[in-house]
Amino acid sequence: MKQRAAVKSRKGFTIVELILALAITAIIGVSVYNIFWTAMKLDDKMRHVHDSYMEVLLAEQAMTHDLENAITLDLSASYPDAVIFDGQPHEFSFLTQTPKGIKHVHYYGGLLSGEVAKSMIGRVTNPSEANQSRDSLPVEFLVRQESSLADWLNETKDNTTTQIVAAGLKKESFQCRYAPFVKDLHLSGAKAIDYHETWDEKGLPMAVSCSFVLYDAKHPQSSLLFKRDIFLALSAGFYHE
Amino acid sequence: MLLEAILAIAIVSVSLTLIAQGLLTNYRTGMRFQEMVRALNAMDNRLGLLYATQGSDDLLEAFPQPLESPYDKFTVSAKTGPINDHLKNVTLTLNWPMGNSQGQLELETIIYYPNETTSSS
């Protein structure tokens, strides 16, 4: 009798309280875990996108800097076939003034080989896509090639430097258009600017418009288009005289 | 024992929630950064056009105008004030929707324009 009374007087939890407490704890735990996991995934995605956007920003700055310092030279006497500014729908090349002298610069969308290029492909694609053959990859790089004036004229590539300025572009999305100079543009207004698909005229265009789509490995069908209209300062200065 | 377990879970939950909040804030900042990159792009394009046209009147609307694709979610408005016969002060304001709030980028510059602009308009 004494033993039964001792058991009865000892305070504790009933099985219902225990189950209820465990259920509440489980619900809270699962909710917090879900929030945490979602936040982790969003943060991870954002880091990738952030890198791509930084690259886009830097690539556009590099292109703008090169194009704003573009120059024209009269090489017709010695090199009649030399095209000072060669503008194509997916690439363009021109002469630009740099602190290290006049350089020939070529911008194009494409893929490169090598370990660095491979790691960059791995960064901007899904793991399953990274092992595909280069032709079937959904991405391309924005590549900048620089060579000296002498190397370009002599068609040698020994000292050509190649740089990937942006890695995560959608395949074949890099497009360029070229606007010829419009006399008295300040009177005719912005609507007078007419972009052409190619530039094969002597001298420099007034503006180059570059556009590309940023590839999103998580949403391959999305198409976030960037467009940058770059006005060549020197050519504008020349023509306004 | 059970109380201790619940207390431990509560502490872990609060900690994880705080970390998650930090990550979500980072995500929101990232989204703002993306919008800002696109806004800078749109503003650079507009500025280039403004300099090339030497402050063409159709680019200096005071009422917000939508930009062309792919920046059509942005609107731009301009405030101008003459400095002298050849220079004018231009303030460009770019606005765009950003969730429940509104993003804004403002830039002030000086545009040179030849006298013909004023005489023709």
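Predicted model: local features only at pLDDT ≥ 70, side-chain atom pairs only at ≥ 80, totals over all residues.
## Chain A as a whole

Let's start with chain A, whose secondary structure comes to seven helices and nine strands. Its C-alpha atoms fill a box of roughly 120 × 45 × 35 Å along the principal axes. The radius of gyration is 30 Å, whereas a compact globule of 241 residues would have one near 18 Å.

Buried residues account for 27% of the 241 residues in chain A. As for contacts, take the pairs in chain A that are at least 6 apart in sequence: 64% of these join residues at least 24 apart.

## Chain B as a whole

Chain B holds two helices and four strands. Read from the N terminus, its elements run α-β-β-β-β-α. The C-alpha trace of chain B spans about 90 × 30 × 20 Å along its principal axes.

Of the 121 residues in chain B, 21% count as buried. Among the contacts in chain B with a separation of 6 or more, 44% are between residues 24 or more positions apart.

## Where the chains meet

Now for the place where the two chains come together. On the chain B side, 34 residues are in contact with 33 residues of chain A. Two elements of chain B each give two or more residues to this side, namely H1 and helix H2 (115-120). H1(B) provides the largest share, with 23 residues. Sorted by class, the side of chain B that touches chain A has 18 nonpolar, 13 polar and three charged residues.

## The helix pair across the interface

Two packed helices are described by the angle between their axes and the distance between the axes. In this model, the pair to look at is helix H2 (residues 15-68) of chain A and helix H1 (residues 2-52) of chain B, whose axes come within 8 Å and cross at roughly 25 degrees. Angles under 35 degrees count as roughly parallel, so H2(A) is roughly parallel to H1(B). The crossing of these two helices is left-handed. The residues of the contact between H2(A) and H1(B) divide into 25 nonpolar, eight polar and one charged.

## A:Ser52, a buried residue in helix H2

Helix H2 of chain A also contains A:Ser52. This residue is buried, because 23 other C-beta atoms lie within 10 Å and the cut-off for a buried residue is 20 or more. If we leave aside neighbours within four places in sequence, A:Ser52 is in contact with A:Val124, A:Gly168 and A:Leu214. A:Thr156, by comparison, is 104 residues from A:Ser52 in sequence and 33 Å away in space, C-alpha to C-alpha.

## Two glutamates with positive phi in chain A

A pair of loop residues in chain A is worth a look for backbone geometry. A:Glu155 has phi near 55 degrees, a positive value in a residue other than glycine. It is found in the loop between helix H5 (149-153) and strand S6 (161-170). With 7 other C-beta atoms within 10 Å, A:Glu155 is exposed.

A:Glu172 also has a positive phi, near 55 degrees, and is again a residue other than glycine. Its place is in the loop between S6 and strand S7 (175-179) of chain A. A:Glu172 is partly exposed, with 14 other C-beta atoms within 10 Å.

In chain B, B:Leu92 lies in strand S3 (residues 87-98). B:Leu92 counts as buried because it has 20 C-beta neighbours inside 10 Å. Not counting residues up to four places away in sequence, B:Leu92 touches B:Met43, B:Arg46, B:Val76, B:Ala78 and B:Leu107. The C-alpha atoms of B:Leu92 and B:Leu105 are separated by 8.2 Å, and the two residues are 13 apart along the chain.

Another feature to check is the peptide bond from B:Ser69 to B:Pro70, which is cis with omega near 5 degrees. B:Pro70 is found in the loop between strand S1 (65-66) and strand S2 (75-82) of chain B.

Conventions
Residues numbered from 1 in each chain as written. Chains lettered and ligands numbered in written order. Axes fitted to C-alpha atoms, helices over the stretch in contact; angles between N-to-C directions. Parallel < 35°, antiparallel > 145°, perpendicular 65-115°, else oblique. Left-handed = near helix turned anticlockwise from the far one by under 90°. Nonpolar A, V, L, I, M, F, W, Y, C, P; charged D, E, K, R; others polar. Contact = placed C-beta atoms within 7 Å. Buried ≥ 20, exposed ≤ 12 C-beta atoms within 10 Å, placed from the backbone. Rg over C-alpha atoms; globule rule 2.2 N^0.38 Å.
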